[in-house]
Amino acid sequence: IDFLVNNAANHYRGENFNYDYKNIKDEFFGLLGSTILITEKILKKMRNQKSGNIINVASIWGLSAPKFKTYLEMNIAPSLMTSACKAGILHMTKYLASREAKYNITVNALSPGWFPRKGKKKRLDYINMINKDIPINRIGVLGDLIPAINFLIDEKNKYFTGQSINIDGGHSVW
């Protein structure tokens, strides 16, 4: 196994999502717990081969809080647990980078910003609200993630570890 890309996601949306024990547990395991479990399983193999590369997909919502007014009346902002778990993924990345370096394993994260979601229909007023907060004035497309992934999995890339790359069109500069 040369690399692992962790992109697990099972999350709720809404500014004031009503949590109970079950949905906290479901969202935690859908975002962070499952990432820990699969990573620890794969790390055993990577340690034995004395090499590997792990990429954790976090989010800009692990770095900063959402502007709730952006979501208009739709109540689709990332939940509190989503933000907390994505921040946890960022810290897990640093922790594992430190712990696994002796096995020649690098661990990094991607923190995507706004990327399209499949929905019933596009809301241009919502898209316009998002674009106002992105210096390059557009949400991302899948192709915007590929150069960073290629950089992280390049076999010559042996010194870059414990880092997060923000792919957000500049959203995080403000």
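Predicted model: local features only at pLDDT ≥ 70, side-chain atom pairs only at ≥ 80, totals over all residues.

Biologist: Which ring has its centre 4.5 Å from that of F17?

Modeller: Read two things in a ring pair: the distance between centres and the angle between planes. The ring of Y12 is the partner, with its centre 4.5 Å from that of F17. The planes meet at 15 degrees, so Y12 and F17 are stacked. Y12 is also partly exposed, because its relative accessibility is 25%.

Biologist: How are the rings of W114 and Y126 arranged?

Modeller: Planes over 60 degrees apart count as edge-to-face. The planes of W114 and Y126 stand at 80 degrees, with centres 6.4 Å apart, so this pair is edge-to-face. The pair links distant parts of the chain: W114 sits in the loop between β3 and α3, and Y126 in helix α3, twelve residues apart.

Biologist: Are W114 and Y126 buried or exposed?

Modeller: Both W114 and Y126 are buried. Ring pairs also join them with W61 and Y71 in a cluster. The structure holds eight aromatic pairs.

Biologist: Now the whole chain. What pattern does the protein chain follow?

Modeller: Read along the sequence, the order is β-α-β-α-β-α-α-β. That comprises four helices and four strands.

Biologist: What does the radius of gyration of the protein chain agree with?

Modeller: Compare the value with that of a compact globule. For 174 residues such a globule would have a radius of gyration near 16 Å; the protein chain has 17 Å, which agrees. Buried residues make up 40% of the chain.

Key:
Residues numbered from 1 in each chain as written. Heavy atoms only, no water. Helix = DSSP H or I, 4+ residues; strand = E, 2+ residues; numbered from the N terminus. Rg over C-alpha atoms; globule rule 2.2 N^0.38 Å. Buried < 20%, exposed > 50% of the residue type's maximum accessible area, 1.4 Å probe, protein only. Phe/Tyr/Trp six-rings, centres within 6.5 Å; stacked < 30°, edge-to-face > 60°.
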